[in-house]
Amino acid sequence: MGPSLHPLIDNGLTKGSDSFSGGKLHCHCTSSPVEVTLSGPVLHNHACGCSKCWKPTGALFSVVAVIPKDQLSVTANGSKLAIVDESATIQRYACKDCGVHLYGRIEKEHPFHGLDFVHVELSDDQGWQEPQFAAFVSSIIEQGFDPAGIDEVRAKLKSVGLETYDALSPPLMDAIATWTAKKAGKLPA
Ligand SMILES: N[C@@H](CCC(=O)N[C@@H](CS)C(=O)NCC(=O)O)C(=O)O
Ligand SMILES: [Zn+2]
Ligand SMILES: [Zn+2]
């Protein structure tokens, strides 16, 4: 059985719909939940083991995707949102009452500027892109996970079809490196 990786992973992935075009997210509050409306599909959905991404209770991983920020709007109870850590690259907006993170935004100069980070499990809609890979797997050890169990975690992720990495996936790391090289003048802009 083992520990829960994430409810969207533990029993195998549910493939998303290619024609899916968005939906609503809401926090866990039973009264006046914060609502975020996404007017398009998410991209690069993945599991993240880092300590900063929001995870449901009992889960070792977050499931987090990106969407262009102009396709995200807060449509109800936005006054309950507050930034978790102002010093982080990703400004994560959490509900002050239930603690759920509704979205993360990058305001500074960064290769992922213009993309917001969201958790599709906060939606009742079906068809969101399923996780594509697992990132920052070793980071769960930093949060107290017994390193003796990490092989089992990687094996479980692989068994549902998720390749495991200790940073982001190679295409995303390459995109970051290309942006950095262009900025430094090492590659043509
Ligand atoms: N080992 C660190 C990794 C943190 C980290 O680098 N997270 C990645 C993936 S979400 C990131 O891009 N963080 C930027 C941020 O949190 O603002 C931890 O678990 O806290
Ligand atoms: Zn809430
Ligand atoms: Zn993360």
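Colleague: Is Ile 83 buried, exposed or partly exposed?

Modeller: The model is predicted, and burial is judged by counting other C-beta atoms within 10 Å: 20 or more make a residue buried, 12 or fewer exposed. Ile 83 has 14 such neighbours and therefore counts as partly exposed. Ile 83 belongs to strand 6, residues 81-83. Beyond neighbours within four places in sequence, Ile 83 is in contact with Gln 91, Arg 92 and Tyr 93.

Colleague: By how many Å are the C-alpha atoms of Ile 83 and Leu 122 separated?

Modeller: They are separated by 18 Å, and the two residues are 39 residues apart along the chain.

Colleague: Which residues surround ligand 1?

Modeller: The shell consists of Cys 48, Cys 50, Ser 51, Lys 52, Cys 53, Ala 88, Thr 89, Ile 90, Phe 136, Ser 139 and Glu 142. By class, six are nonpolar, three polar and two charged.

Colleague: Where does UniProt place the feature "binding site"?

Modeller: The unreviewed UniProt entry places it at Cys 48, Cys 50 and Cys 53.

Colleague: Why does Cys 48 count as buried?

Modeller: Cys 48 counts as buried because it has 24 C-beta neighbours inside 10 Å. Cys 48 lies in strand 3, residues 43-48, and its contacts beyond four places in sequence include Cys 53, Phe 61 and Phe 136.

Colleague: Is Cys 50 buried or partly exposed?

Modeller: Cys 50 has 18 other C-beta atoms within 10 Å, so it is partly exposed. Cys 50 is located in the loop between strand 3 and strand 4. Leaving aside neighbours within four places in sequence, Cys 50 is in contact with Phe 136 and Ser 139.

How values were computed: Residues are numbered from 1 along each chain as its sequence is written. Chains are lettered from A and ligands numbered from 1 in the order in which they are written. This is a predicted model: local features need pLDDT of at least 70, side-chain atom pairs count only at pLDDT 80 or more; totals for chains, interfaces and linings use all residues. A residue is near a molecule or strand if its C-beta atom, placed from the backbone, lies within 6 Å of it. Ala, Val, Leu, Ile, Met, Phe, Trp, Tyr, Cys and Pro count as nonpolar, Asp, Glu, Lys and Arg as charged, and the others, Gly among them, as polar. UniProt positions are given in the numbering used here, feature names are shortened, and annotations may be inferred rather than shown by experiment. Helices (H or I, at least four residues) and strands (E, at least two) are DSSP runs, numbered from the N terminus. Two residues are in contact if their C-beta atoms, placed from the backbone, lie within 7 Å.
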